[in-house]
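Here are a few quick notes from my pass through the model.

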Amino acid sequence: MNVQVAVKMKSGPSIMLASGTWFDLLDPWHSEFTIEDIAQGLANICRYAGQCRSFYSVAEHSLHVCDTTDSFKLEALLHDAAEAFLGDITRPLKQLLPEYKAIESNVEAAIFSRFGLDRTAMADVKLADLRVLAAEQSQLMPDGTDYWAAQSSIRPAPVTVEFLSPYEARERFLSKFKELVA
């Protein structure tokens, strides 16, 4: 009996994307992923390992980071794009997985190359990401979870979490992408 699985070995372990394309985790450079694949993945991944008040997608988070920064908006929109293929691993777990961090870095580099993103933008994007994180935590998590923001002088971004459905988050993400590359 021949059993088919949605993981295969090419040059490395690969996953099937919703578009029907294979994504090679160790060779993302030669994987034929698209912005639609990224939007699909991010719209269906819940932030905070699902440990928040209600479903809140990485796609919606990315839209907030994009809207928070004054420059490098495309880089901000795609700052978590690797999670479309790798999942949203919590920061404490990432610290325990040095191999994961290397894989994530390689996938991020392939995405930045594919979409012509500026890696020097990451300091600005990181600040916007932290500001959105502070705003999210005050809206999504138990009281006091955002204590770190006040201690580090991070001003929460003026965003309101909408709890978009995966479909709506995907469509808004794609619309924002098209607006930014037009």
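1. Let's start with Ser-153, which sits in the loop that links helix H8 (147–151) to helix H9 (166–181). Keep in mind that this is a predicted model. Ser-153 has a positive phi of about 60°, although it is not a glycine. With a relative accessible area of 67%, Ser-153 is exposed, because the cut-off for that label is over 50%.

2. Ala-49 is another one to look at: not a glycine, yet its phi is positive, at about 55°. You'll find Ala-49 in the loop between H1 and H2. Its relative accessible area is 48%, so Ala-49 counts as partly exposed.

3. Gln-51 also belongs to the loop between helix H1 (35–43) and helix H2 (58–68). Buried or exposed? Gln-51 counts as exposed, at 59% relative accessibility.

4. Now for helix H6, which covers residues 98–115, 18 residues in all. From first C-alpha to last, H6 reaches 26 Å, close to the 26 Å expected at 1.5 Å a residue. Which residues of H6 are buried? They are Tyr-100, Glu-104, Val-107, Ala-110, Ile-111, Phe-112 and Phe-115.

How values were computed
Residues are numbered from 1 along each chain as its sequence is written. This is a predicted model: local features need pLDDT of at least 70, side-chain atom pairs count only at pLDDT 80 or more; totals for chains, interfaces and linings use all residues. Side-chain values use heavy atoms; hydrogens and water are left out. Helices (H or I, at least four residues) and strands (E, at least two) are DSSP runs, numbered from the N terminus. Buried means under 20% relative accessible area, exposed over 50%, partly exposed in between (1.4 Å probe, protein chains only). The expected span of a helix is 1.5 Å times one less than its number of residues.
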